[in-house]
Amino acid sequence: MQHWYAMRTTYGRERKAYDFIVSNGGTAFLPTLFLEKTIKGKKELVEVSRIPNIFFVYGSEDEVKQYAYDNVHLPFLRFYYEQHYEGVRIIKEPLIVPERQIQSLKILCSAEAEDIRIVPEEMVPKFMEGEIVAIVEGEFKGIEGRVARWHGQQRVAIIIQGLCTIATAYVPSAYLERL
């Protein structure tokens, strides 16, 4: 069965791994944004990863393993693992990201809003009390997530369990629908 897998790289090489996978017929998604940076005294727009060292690959576990364990072309690429306990044993499994979360993340990344925040997994409990909603209007239309308050504003958070939470910019209540 095919899924989206969270993958991690070292030293900011997610673009290199993404390009290799896509050029070899694989399906991947690299969330990026454009930042204005000064390079050699000139301001330029530079595309950077929205989630440092992380991107997503679609396929069966065996297909994705071919990339994750390719020590010739991609020695810096590995699965992002989630851990759980079975008795006293720690079990590590590749993190599977649901299709609806990837679609919501793609919508969020294509939006022009500058006030999008990525929050480490440890801070997720602030968001867990919110209702599950869909955004039905505005530039984030189509995103499903949990209502969250961040910096005093209502937002919608996409929670990728075990990895991070990504919160939209302000979303008015009129744009939300309960699921």
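In which sense do strand β3 and strand β4 pair, and over how many bridges? The close-up views below start with that pair and show a predicted model.

View 1. Strand β3 covers residues 32–39, and strand β4 covers residues 42–49. The two strands pair in the antiparallel sense, over eight bridges. K37 stands opposite E44 in β4. Two residues lie between the strands of this hairpin. Here K40 takes a positive phi near 50 degrees.

**View 2. The Y5–F79 ring pair.** The structure holds five aromatic pairs. In one of them, the ring centres of Y5 and F79 are 5.7 Å apart. Their planes stand at 65 degrees; an angle over 60 counts as edge-to-face, so this pair is edge-to-face. The pair links distant parts of the chain. Y5 belongs to strand β1 (residues 3–9) and F79 to strand β6 (residues 77–79), 74 residues apart. Both Y5 and F79 are buried.

**View 3. Y69 against F79.** The rings of Y69 and F79 also pair, with centres 6.2 Å apart. Their planes meet at 70 degrees, so this pair is edge-to-face. Y69 lies in the loop between α2 (61–68) and β6, while F79 lies in strand β6. The pair therefore ties together parts that are ten residues apart in sequence. Y69 has 43% relative accessibility, between the limits of 20% and 50%, so Y69 counts as partly exposed.

**View 4. The ring cluster and a lysine over Y81.** Ring pairs link Y5, Y69, F79 and Y81 into a cluster. The charged end of K92 sits over the ring of Y81. The distance to the ring centre is 5.0 Å.

**View 5. K106 over F29.** K106 lies over the face of F29. Here the distance to the ring centre is 5.4 Å.

**View 6. The largest nonpolar core.** This core has 27 residues. Which of them touch the most other members? They are F56, F140 and L163. Six elements each supply at least two residues of this core: β1, β5 (54–59), α3 (99–110), β11 (132–135), β13 (153–160) and β14 (164–167). Of these, α3 gives the most, with four residues.

**View 7. The second core.** A separate core has 16 residues. Among them are Y5, A17, V64 and L77.

How values were computed
Residues are numbered from 1 along each chain as its sequence is written. This is a predicted model: local features need pLDDT of at least 70, side-chain atom pairs count only at pLDDT 80 or more; totals for chains, interfaces and linings use all residues. Side-chain values use heavy atoms; hydrogens and water are left out. Two strands pair if DSSP finds at least two bridges between them. Rings of Phe, Tyr and Trp (its six-membered ring) pair if their centres lie within 6.5 Å; planes under 30 degrees apart count as stacked, over 60 as edge-to-face and the rest as tilted. Buried means under 20% relative accessible area, exposed over 50%, partly exposed in between (1.4 Å probe, protein chains only). A charge sits over a ring if NZ of Lys or CZ of Arg is within 6 Å of the ring centre and within 35 degrees of the ring normal. A nonpolar core is a set of buried Ala, Val, Leu, Ile, Met, Phe, Trp, Tyr and Cys residues joined through side-chain atoms within 4.5 Å.
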